[in-house]
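Here are my notes on the model you asked me to look over. I've kept them to points you can check on screen.

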Amino acid sequence: MNYNTAVQPKYYMHHPLTMRLNTLPRVRLANTPTPLQPLPNLTRHLKGPRILVKRDDLTGLAFGGNKARKLEYLMGDALKNNADIIVTGAGFHSNWCTQTAAAARKLGLPVILVKSGPEDGYEPPTWDGNHLLHHLLGADITILKEGSGQRRQEITQELRKQGRNPYTMPVGGSNPIGAAGYVNCMLELLGQSVEQGVKITHLYHATGSGGTQTGLALGAKALNTGIKVVGVTTGFGDVDRTTERLLNLSNETADFLEIDTRITADDINVLTQYGMGYGYATDAKMEAIKLTAETEGLLIDPVYTAPAMAALIDDARNGRLTNDDTAVFLHTGGTAALFPYRDPLMAHTRGEPLPWKIPQWSTDYT
Ligand SMILES: Cc1ncc(COP(=O)(O)O)c(C=O)c1O
């Protein structure tokens, strides 16, 4: 069986959800469909569910990742509104910022990033990971310890006063426009599952700002798939607050897409015990990276996809996933962060205690 074949357009082409998505302004930025591939060695190693990977790390915008799908719709909206500059931001080593800067550059637009860091104006002695990429992409970068969201609003207003037409995107691109990208991903995944004759029972992925899980959960329900979408938070995470945030965004997205589907708390599965702090280095995350690399030659990242894979591994080992299940691991990208984590990764590989838990660039000391 060829697991890389493109989705045949006959699947879901005339579904109302597809038709509605087709009315939205969209710029082609992502290499889609991304492959849905089996992970036979990891499956054998874990002796539990059948495991597949959906390679959204191969979307191809900068280092790839999930944001490319959101940016297709967000940039579509920006261009429709004649934006002449993009304003956004997030954490210091944000993948969102990398992919947004790459998309903006590809479309000939300048980009302003207001990022959070451990102190105002923080610059590490060596540029690395996504921070290096933000510089390479020629973004205008401001680092603030606090108040980066407010500063983005101020910059937007200042630009308007100067006669510019900024388009400001929320952290992670997680609004109904961005989430539409992951409703679309669910359509794509379902087409592939039909084509490959795979009955998917679970989908594991990393959850941060929530647009990915929102789109997937909404798509899964609207298409009546029965797939359990499991979001694994990257930070400390609070189940109730995360669920509420995702519920609100899901239903706003349903309204935006003019569909009747309503998401309830039962449709939002959030696991919060694997993040242990945003970007924190833990043995479970390092083990997930090593195991995935050694069994499948597949590189995942320390901040987002490692906690999601750690959750899948744990569920397979503890019988929460069984031999009757087929779990898809959505690889959402982020691999540019592997190199800033060289020290804990080296230590783990050598069987030594991790040299640090909280990254130097963290703003998360709770
Ligand atoms: C690599 C990676 N995976 C997953 C996520 C989480 O996606 P979302 O913000 O849509 O929840 C992010 C968000 O930044 C990410 O960078």
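This is a predicted model: local features need pLDDT of at least 70, side-chain atom pairs count only at pLDDT 80 or more; totals for chains, interfaces and linings use all residues.

1. Every number here is computed from it, so to speak, off the page.

2. The ligand sits in the largest pocket. Helix 3 (67–80), strand 7 (202–207) and helix 8 (211–222) are the elements that each give two or more residues to the shell around it.

3. Who is in the shell? There are 16 residues around the ligand, and K67, K70, S209, T212 and T332 come nearest. By class, 12 are polar, 2 are charged and 2 are nonpolar.

4. The side chain of N66 has an N or O atom 3.0 Å from a ligand oxygen. G210 and G211 use their backbones instead: an N or O atom of G210 lies 2.8 Å from a ligand oxygen, and for G211 the distance is 3.3 Å. As for cover, the ligand taken alone exposes 390 Å², and the protein buries 97% of that.

5. Two backbone spots deserve a look. As background, most residues other than glycine have a negative phi, and most peptide bonds are trans. T32 and P33 are joined by a cis peptide bond, with omega at about 0°; P33 is in the loop between helix 1 (16–21) and strand 1 (36–38).

6. The other spot is A62, a residue other than glycine with a positive phi, near 55°. You'll find A62 in the loop that runs between strand 2 (50–55) and helix 3.

Conventions: Residues are numbered from 1 along each chain as its sequence is written. Side-chain values use heavy atoms; hydrogens and water are left out. A residue is near a molecule or strand if one of its heavy atoms lies within 4 Å of it. A polar contact is a pair of N or O atoms within 3.5 Å; within protein, one must be able to donate a hydrogen and the other to accept it, and residues adjacent in sequence count only if both atoms are side-chain atoms. Accessible areas come from the Shrake-Rupley method with a 1.4 Å probe; for residues, only the protein chains shown count as cover. On a 1 Å grid over the protein atoms alone, a cavity is a set of points where a 1.4 Å probe fits but cannot get out, and a pocket is an open set with protein on both sides within 12 Å along at least five of seven lines; lining residues have an atom within 4 Å of a point. A molecule sits in a cavity or pocket if more than half of its atoms lie within 2 Å of its grid points. Helices (H or I, at least four residues) and strands (E, at least two) are DSSP runs, numbered from the N terminus. Ala, Val, Leu, Ile, Met, Phe, Trp, Tyr, Cys and Pro count as nonpolar, Asp, Glu, Lys and Arg as charged, and the others, Gly among them, as polar.
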